[in-house]
Amino acid sequence: MILLERFHRVAIASTVALILLFLTVPVLIIFPVSFGDSASLRFPPPGWSVRWYQAFLGSRQWLAAASTSFEIATLTMLIAVPIGTAASYGLMTCRMANARYAYVLLMTPMIVPIIIIGVGVFAVFSKMGLVGSMWALVLAHVLLAIPYVLLTVGAGLRSFDMNQEMAARSLGVNRAKAFVTITLPQIRTSVFVAAVFSFLSSLDEVVVALFIARGETTTLTREMFMSIREQVDPTIAAVSSILVSMTVLLAALAYASQQRSARRAQGA
Amino acid sequence: MSATINSFQQRIDRADNAAELARAGRREQWGLVALVLPAAAFVVALMVIPLVWLFWQSITDQSGALTLMNYVRIFTEEGTLATFQRTFVASLMVTAICVVLGYPVAFLAAVSKPRTATIIMVLVLIPFWTSVLVRTYAWLVLLQRTGLVNQFLTWAGVVEAPLALVHNLTGSVIGMVHIMLPFVILTLYSSLTQIPADFGRAAASLGARPGRVFRTVIFPLSLPGLVAGSVFVFVLSLGFYITPELLGGGRTVMVSMLVQRNIDLYFQFGSASAVAFVLLAATLLILWLADRVVPLGKILADR
């Protein structure tokens, strides 16, 4: 541990407390706002109610957007995790010199500014007449999720001893079976974390949805963006509260399982 | 005689075996390449090809003739140039504020007992996991004229009339700092915790006081993480769309909004693409330059 004088420690600790307040208050503030009973965004609200939750649950538009988002996020996860895991495995075990370039290529969706990717997929899908189709959004979200899957599954594979697979194959099973029975169970945490991240990254995605979602395929985030810009009632606060509770829960679950498997790996 | 035939036969077998092995090896390598293809197909079809097409749009005019007009316009039109400058300055401000606010948090977490460190990092991770849209909305609530921040400032007597904190550059910068700060803290924290504790103790045993240990040992060793985190945040800020759009109130236009408006309002793929490619070139150039100073990929992957 780095040494510190008591005075320094107190000064730093109080500064940090303020900064942590700055980080967390905006996340927490939406909960009381969502339970307020006035249409203005006054804080603290003059009284309490659940009317904004009722407004959300009673609105066909919001519910449709929410279910579209869940559908898209689920499909994104179901496509991105297998193809990302396959690519990660291929790149990790392949002995070709050019594998490095393929890795860089697959990571670029993370580096290219999202607004540019948005314009790009809009160009493609508008040429094909697919703007507003759900599959267009799913495909675009898979593109954005691939780097996440590559990062997490890649980390899992790096800490896995490939000789175990070799041992299994030397005993007569083929590569695919060796992967399923030996490798996959041992990197399952990474695959699970990759699934959570790709699901959340799709659920959370705004810019691409603004470009290529229309009418029927309006996602939750697109609906939220429009409603924030038009400054309508605090229904958005209720939606936000539900979304935050869910995301933080899922992400914490993924984080905890990652930490647990890291500890297990250290203990072994 | 039979011994000669035998060894001859063996040699043929060995050659056959070697050829067969090489073939099997090649087949296996191609099998592994095939595993990468689906993911690569996504990236090529939805990113590489569109980018090539957009680039082509940016260097041709309606009749299809080559032209640099779209790029010339960026540097001659006052509004466009000002937008680039504004984006650059705002991103620099966001990065500087994130470093100043992020360093103490990462530092305290790194020197604290595991329990305290966990609490600090959880408080950093919760906003990190929260939707950017939700956080932007929260800032809209907090920063409006009747918002909590203005209520507090007038109550404390700091200001007499509510300040205009949102629908301008101030709002954009505050919101962007909130989104980017966890990135800086997480990168810095991992590079601070990787400094062996013995280094600090060694310096202290030689008589350095804690302040000096920090200045001469800890801080220099944390620089790679600091550079990586700052570059990452700067580059993300350059292309950021959601938060500046909502908190800037459509008045403080950033580069990303220029791209969006050229497509959505004017359907001008040519000029949108030119702006997009200048942004992309700036992003890649900064990442490339930074990567020559510190190994960005390694630091970010370690996080």
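These legends walk you through several close-up views of a predicted model.

In this model, local features need pLDDT of at least 70 and side-chain atom pairs count only at pLDDT 80 or more, while totals for chains, interfaces and linings use all residues. Residues are numbered from 1 along each chain as its sequence is written, and chains are lettered from A and ligands numbered from 1 in the order in which they are written.

**View 1. Chain B is built from helices.** Chain B has 13 helices and zero strands; helices (H or I, at least four residues) and strands (E, at least two) are DSSP runs, numbered from the N terminus. Its radius of gyration is 28 Å, well over the 19 Å that the globule rule gives for 303 residues, so chain B is more spread out than a compact globule. That radius is taken over C-alpha atoms, and the rule is 2.2 Å times the number of residues to the power 0.38. Along its principal axes, the C-alpha trace of chain B spans about 115 × 75 × 30 Å.

**View 2. Chain B has two assigned domains.** Domain 1 covers 1-58 and domain 2 covers 76-302, with bounds that come from an automatic or database domain assignment. The C-alpha centres of these two domains of chain B lie 45 Å apart. Four residues of domain 1 of chain B are in contact with six residues of domain 2 of chain B; contact means that the C-beta atoms, placed from the backbone, lie within 7 Å.

**View 3. Here is the largest nonpolar core.** A nonpolar core is a set of buried Ala, Val, Leu, Ile, Met, Phe, Trp, Tyr and Cys residues joined through C-beta atoms within 7 Å. Buried means that 20 or more other C-beta atoms lie within 10 Å of a residue's own, exposed means 12 or fewer, and partly exposed is in between, with C-beta atoms placed from the backbone. Of the 151 residues in this core, A:Val119 and A:Ile146 touch the most other members. Helix H6 (residues 134-158) of chain A gives the largest share, 15 residues. Domain 1 (1-58) and domain 2 (76-302) of chain B both give residues to this core, so it lies between them. Look for A:Ile146, whose partners include A:Leu106 and A:Pro109 as well as B:Phe42 and B:Val43, not counting residues up to four places away in sequence.

**View 4. Chain A meets chain B.** The contact takes 72 residues from chain A and 68 residues from chain B. On the side of chain A that touches chain B, H1(A) gives the most, with 14 residues. That side of chain A divides into 56 nonpolar, 11 polar and five charged residues. In this count, Ala, Val, Leu, Ile, Met, Phe, Trp, Tyr, Cys and Pro are nonpolar, Asp, Glu, Lys and Arg are charged, and the others, Gly among them, are polar.

**View 5. Zoom in on B:His167.** You can find B:His167 in the loop between helix H6 (148-155) and helix H7 (169-193) of chain B. Its phi is near 65°, a positive value in a residue other than glycine. Most residues other than glycine have a negative phi. B:His167 has 18 other C-beta atoms within 10 Å, so it is partly exposed.

**View 6. Now turn to B:Phe219.** B:Phe219 lies in helix H9 (residues 210-238) of chain B. With 14 C-beta neighbours inside 10 Å, B:Phe219 counts as partly exposed. B:Phe219 and B:Glu77 are 142 residues apart in sequence and 43 Å apart in space, C-alpha to C-alpha.

Definitions and conventions. Two residues are in contact if their C-beta atoms, placed from the backbone, lie within 7 Å.
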